[in-house]
Amino acid sequence: MRNGHVQSVWPTLFRRVPMVNPETEILPTPDNDELHLDWYRQGSSRLAIVSHGLEGHSRRPYVLGLTRALLREGWDVLAWNFRSCGGVMNHQPRFYHSGATEDLSLVVNRGLADTYETLFMSGFSMGGNLTLLYLGEQGEQVDSRICGAVAYSVPCDLAGSADMLALPSRKIYMQRFLRDLKVKMQEKAEKFPELIDVSGFDSIRSFHEFDNHYTAPLHGFRDAQDYWARCSALGRLKDIRVPALMVNAADDPFLSPECFPESRRVLGAHVGLEVPRWGGHVGFVEHARDGFYWSERRALAFLQSMA
């Protein structure tokens, strides 16, 4: 599939990943909210944490595909849902955003509270940015049990990616995101009418407008530009101190040129960038008898290289 748009859409429409039902857990947060977790345990000493993308959830095909691959390699897997995702609305006015590393930290700490000797992290799109930002913030203080990370289709330059999605040629993606977000914001407006007003939502056409109107004020940012600047992983890659691989396809319709940094001054000593010619946004489609996609094979190969 040598077309970034087809690669991006195909798995959502046609991929099915049969899996056993996970063990679910509700993880409380310090601000009286909750995170919903899916556990896939098989008695391993190694745990992988998988973070989904914008308006995704823990049972999307790309999450389940990687989960299945990791399980076959002997890992336990913890896939988690951002606040308001996974079919359960969270309790607080806030929801999720690209820099909510405090939530990812809670999930990591929950995983490490068990008897795991090794923890691996992976994320897709927004979840990839979140994963790399978390590791950058941890820096030298990162837990010694965290062995590394792989992140796919990472909008590590949030402002540039918002510009890309504002292009007329990306309208179909933007409309879908806004359609799903509108449902959530309407539900939140009913619970918190003094904080959230959706009367003008239908006039929103881009993340510039959505993040200015909702994401920034609900999460303590001055405006969209402040949010993007503070939550882009790009400026923190050099601070990461565990082996990390960022895989961004050259034909990804969501990513700006800044999402493909080549300089070691930006990437630092521990982050590698891989740019396959094809893959789209969270696509990397492969038709194989075992059902694995290229991205899943790449994650396993990266893990083997660290062994």
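Predicted model: local features only at pLDDT ≥ 70, side-chain atom pairs only at ≥ 80, totals over all residues.
A salt bridge here is a side-chain nitrogen of Lys or Arg within 4 Å of a carboxyl oxygen of Asp or Glu.

Is Glu25 buried or partly exposed? Its relative accessibility is 21%, so Glu25 counts as partly exposed.

Arg298 forms a salt bridge with Glu274, and their closest N and O atoms are 2.7 Å apart. Because Arg298 lies in helix H10 and Glu274 in strand S8, residues 271–274, this pair ties together parts that are 24 residues apart in sequence. Glu274 has a relative accessible area of 24%, which means that Glu274 is partly exposed.

Helix H10 runs over residues 294–306, and Glu296 has its place there too. Why does Glu296 count as buried? Because its relative accessibility is 2%, and the cut-off for buried is under 20%. The side chain of Glu296 makes a polar contact with the side chain of Arg15, at 2.8 Å. If we leave aside neighbours within four places in sequence, the residues in contact with Glu296 are Arg15, Tyr62, Gly65, Leu66, Ala69 and Gly291.

Let's step back to the domains. According to the domain assignment, domain 1 covers 4–157 + 236–305, and domain 2 covers 159–231. In the contact, domain 1 takes part with 30 residues and domain 2 with 28 residues. The C-alpha centres of the two domains lie 23 Å apart.

What is the size of this interface? The size of an interface is often given as the accessible area lost when the parts come together. For domain 1 and domain 2, about 2400 Å² is buried between them, with 61% of it on carbon and sulfur atoms.

As for polar links, the rule finds 14 residue pairs in polar contact across the interface of domain 1 and domain 2. Helix H1 (4–14) and helix H4 (126–138) each supply at least two residues to the side of domain 1 that touches domain 2. Which helix gives the most to that side? H1 does, with four residues. Sorted by class, the side of domain 1 that touches domain 2 holds 14 nonpolar, 12 polar and four charged residues. Between the two domains the count is one salt bridge.

My last stop is helix H8, residues 224–231. At the start of H8, Asp223 has a side-chain oxygen that reaches to within 3.2 Å of the backbone nitrogen of Gln225. Within the helix, Ala224, Asp226, Tyr227, Trp228 and Cys231 are buried. And what covers the buried residues of H8? The cover includes H4, helix H5 (158–165) and helix H7 (207–218).

Terms used: Residues numbered from 1 in each chain as written. Heavy atoms only, no water. Buried < 20%, exposed > 50% of the residue type's maximum accessible area, 1.4 Å probe, protein only. Polar contact = N/O pair within 3.5 Å; in protein donor to acceptor, adjacent residues only side chain to side chain. Contact = heavy atoms within 4.5 Å. Domains from an automatic or database assignment. Buried area = accessible area lost by both parts, 1.4 Å probe. Nonpolar A, V, L, I, M, F, W, Y, C, P; charged D, E, K, R; others polar.
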